[in-house]
Amino acid sequence: MTRPTNRALSPATRLAQALRFVDEASGAIIPAIHPSATYARDADHNLRTGLIYRRDGNPTTELAERIICDMEGAAETMLFSTGMSAALAVIEHLPAGAHVVVPDVMYYGVLGQFQTYEAKGRLDVSYYSAGDLSDMRALMRHGETALVWAETPNNPNWDVTDIPAAAEIAHAVGARLVTDCTATPPPFVRALNLGADISFHSATKYLNGHSDITGGVLSVRETGAHWDELLKVRNSQGTVLNTWDAYMLIRGMRTLMLRYERCTENALAVARHLEGHPGVEKVMYPGLPSHPDHEIAKRQTGGAYGGMLSILVKGNEQTAIDVVRACEVFYPATSLGGVESLIEHRKTVSGDGFPVHPCLLRLSIGIEDAGDLIADLDQALERAGAG
Ligand SMILES: *Cc1c(COP(=O)(O)O)cnc(C)c1O
């Protein structure tokens, strides 16, 4: 149903046209939503498309997978009902007792999954200081470490990991590198191209971009036994992305380039304004030259830093909470990567047990007018008495 993709066309064109999609039966340029739970065989009792049952997927979800696969330059891509179910599939596909090396600061939900499996004795987990490659290297065990997880830039401090360097460390002992680059989606950052073996994304965020579905995605550089195992986990858990959400995701991805570029532009304007603001102790944004990992971020993203930044409010924890409450344009809500700007007191959201500065506010910058966003933060910082 998809016309052959002309590789000479740029990602912007391929995305806007959903890989030049045309439904051959009707001529529709927008894919259908396929609610069928089961698939009839042909006159010879053979499968028509390989699909048997809803847990295997459906044509709408498969188109969404092909688009992400194309953007990543992957061998294969599969979509899950949430990012968390995709991350859990990575954990579940490992043999019992496998040694894994993961960051000590990262998206709290995925970190919590590793901690849970460690507590149950099902994984042997070593934690490296996020973004610190010499620490990562020191924890590797030759022929034993199965997997290294890297989130870049990481939640909620936005430290950047050098993906090619991390891949070299993982591969030197025979481990696979999994990257979570949810904050910098493909085609802007193509983790597999940089050396990752499995690229994870929460499709809930920039890929969809409208805060109206949840989804998770895994793409691999090479297929093989590990890919078959991941497929088996998704099939047995029934965590394939449903057809309606896949439709919404395809619709969202058509405007990914425009949205993400505007988010980056706005975030740069907000970050520059807040740097040196009397009510702000520190701005954490890889797009700022003052960020310790700025050069790596610049190389890895080509300047497409995205819309995620955090600030440390001058004052105490209550001052930071008061800033969130005083905002009139930013929504006081968790999540990221949507067209609307969000602000959250991260410690309130992630709860106890995760290392988060009490004065840290995480901002997801959307596509609104940058002047409105800056004015809102200025009045909120002032009303909260920050400084
Ligand atoms: C949101 C998020 C996840 C989890 O994805 P869900 O779609 O919410 O299940 C994982 N990693 C990062 C970096 C995220 O932002």
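## Basis

The model is predicted: local features need pLDDT of at least 70 and side-chain atom pairs count only at pLDDT 80 or more, while totals for chains, interfaces and linings use all residues. Residues are numbered from 1 along each chain as its sequence is written, and side-chain values use heavy atoms, with hydrogens and water left out.

## Largest pocket

The largest pocket has a volume of about 330 Å³. A pocket is an open set of points, on a 1 Å grid over the protein atoms alone, where a 1.4 Å probe fits, with protein on both sides within 12 Å along at least five of seven lines. Its volume is the space filled by probe spheres set on the points, which are joined across faces, edges and corners.

The lining (residues with an atom within 4 Å of a point) comprises 23 residues, with Tyr107, Ser202, Lys205, Ser335 and Leu336 nearest the centre. Domain 1 (11-253) and domain 2 (256-384) each contribute at least three lining residues; the bounds come from an automatic or database domain assignment.

## Ligand surroundings

There are 14 residues around the ligand, of which Met84, Asp180, Ser202, Thr204 and Lys205 come nearest; a residue counts if one of its heavy atoms lies within 4 Å.

Polar contacts are pairs of N or O atoms within 3.5 Å. A polar backbone atom of Met84 is 2.8 Å from a ligand oxygen atom. For Ser202, a side-chain N or O atom is 2.8 Å from an oxygen atom of the ligand, and for Lys205 a polar side-chain atom lies 2.7 Å from one. The protein covers 92% of the 380 Å² of accessible area (Shrake-Rupley method, 1.4 Å probe) that the ligand has on its own.

Note on methods
Polar contact = N/O pair within 3.5 Å; in protein donor to acceptor, adjacent residues only side chain to side chain.
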